[in-house]
Amino acid sequence: MSVLELRGVAKTYGQEPATVHALGGVDLSVQAGEMLAVMGPSGSGKSTLLTIAGSLEDPTSGEVLICGMALAGMPRGRKARLRRRVIGYVFQDFNLLPGLTAVENVALPLELDGVAVPKARAAGLAALARLGVADRAGRFPDQLSGGERQRVAIARAVVGDRRLLLADEPSGALDSVNADEVMRLLHEACQRGVAAVVVTHDAQLAAWADRVVFLRDGRLTGRTTRPPGPESLLTPGEVR
Amino acid sequence: MSVPHVLLALLAEGPKYGLQLREEFEAGTGEVWPLNVGQVYRTLGRLERDGLAESDGTGPDGPQKRFRITPRGEEALAAWLRTPPDLTSPPRDELVMKVLVAARVPGTDAHEVIQAHRVYLVELMQQWTRLKEGEARNDLGLALVVDAELFRLDAVTRWLDVADTRLKRAAAEPSRPAPAAAPAPQLRRLGARR
């Protein structure tokens, strides 16, 4: 079963004649353990697609299913619960709360969901440990490097039993080596069974995904097929 | 790539046999660039002839012959390392030509052409990324080669993105008359060397 499925999802903003068609009939699905990258230039509809997939916005038409459940017509409270329990978000600018320590930031979604504080903190610490920043648990965001902040943000996105990870330009302004590390961590989360959607304009980030789809003017214009393994790269002709 | 200078760099670490040089060359470049043993001995022969390397024996080239770098070889290596490669003129890139041609051929959707190449490039980048994720994690030489290849392919995809946007804007603008003036002489020379 797909963790996320979009069926003919369209989104328009504004009234005629000034209507903006942000998305036009997008179909896609993401399975458990799979990373899908959505590549496209600014204004192609990537972020709209992500906010609709994350149930933060409703499509004008079409259907969104998360773990087989249709979002349309779902009561608000149930949708909010689904958002808290199933979906994790990773933003470009990390969005950590400055007044909370790393572990408090990570545990917050669980606490908001009614999990007892000690249990939530223990889960938060475990998530930080998986991302190699357990020793930073007591630090505030402004005491962390950019790379550490993004690891904390990823820990917050996967804490508990999240099944769907939505990431918008997740490497933010990090340098290439740290950006690689972020993608490696997201990929490892997928290997543990999480489904991820990463929207980016950056081909180097998209290349970490199992599949890449291309968005242009709100429509999917192409997709990669699963390429052969890397072994084929190691047998080119001789050098001169 | 300059095989002679890479062999000199390996000899700068100490005297080595031909087969050993081949193995170290391949290992140092993550085995992305295989090297024929005949090519190693031909190159060593030229280095000896030019006084940049010398060998133990006078016999035929073979596994028993050990090579070392000479002071002139060390100078040549140092000079090569600090000499930038010639990047002054753009290469006649086949992909650039295809997009330029696609924009002119009647009935051809240049965006579709660009997209086909973009998909191919990203698939190739996925393969290199798998390598980075796996073998290159513990192999510095391979990691550097993979990074270089990913940045090269990334630059091409970025150029495709820009080309796509420029063509889209050009199609939306009312057509302008072609400039009457001849291109500046220095621009006409671009690419003349390759």
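Start by showing chains A and B together: 28 residues of chain B are in contact with 21 residues of chain A, where contact means that the C-beta atoms, placed from the backbone, lie within 7 Å. This is a predicted model, in which local features need pLDDT of at least 70, side-chain atom pairs count only at pLDDT 80 or more, and totals for chains, interfaces and linings use all residues. Residues are numbered from 1 along each chain as its sequence is written, while chains are lettered from A and ligands numbered from 1 in the order in which they are written.

Next, select α6 (110–133) and α7 (140–172) of chain B, each of which supplies at least two residues of the side that touches chain A. Helices (H or I, at least four residues) and strands (E, at least two) are DSSP runs, numbered from the N terminus. The largest share of that side of chain B, 13 residues, comes from α6(B). By class, the side of chain B that touches chain A has twelve nonpolar, nine polar and seven charged residues. Here Ala, Val, Leu, Ile, Met, Phe, Trp, Tyr, Cys and Pro count as nonpolar, Asp, Glu, Lys and Arg as charged, and the others, Gly among them, as polar.

Now colour chain B by domain: the assignment, automatic or from a database, gives domain 1 (3–82) and domain 2 (94–174). The centres of these two domains of chain B, taken over C-alpha atoms, are separated by 36 Å. Five residues from domain 1 of chain B and five residues from domain 2 of chain B form the contact.

Move to strands β1 (16–17) and β2 (53–55) of chain B, which stand at the edges of their sheet, each with a single partner strand, so one side of each is left without a neighbour in the sheet. The sheet is open and has three strands in the order β1-β3-β2 (chain B), with antiparallel pairing; strands pair if DSSP finds at least two bridges between them. β2(B) and β3 (residues 66–69) of chain B pair over three bridges. Pick B:Glu54 to find its bridge partner in β3(B), B:Arg68.

Finish with helices α2 (residues 18–28) and α3 (residues 37–49) of chain B, whose axes come within 9 Å and cross at roughly 115°. Axes are lines fitted to C-alpha atoms, for helices over the stretch in contact, and angles run from 0 to 180 degrees between N-to-C directions. To see the contact, select B:Gly18, B:Leu19, B:Leu21 and B:Arg22 of α2(B) with B:Val37, B:Val40, B:Tyr41 and B:Leu44 of α3(B).

Methods: Contact = placed C-beta atoms within 7 Å.
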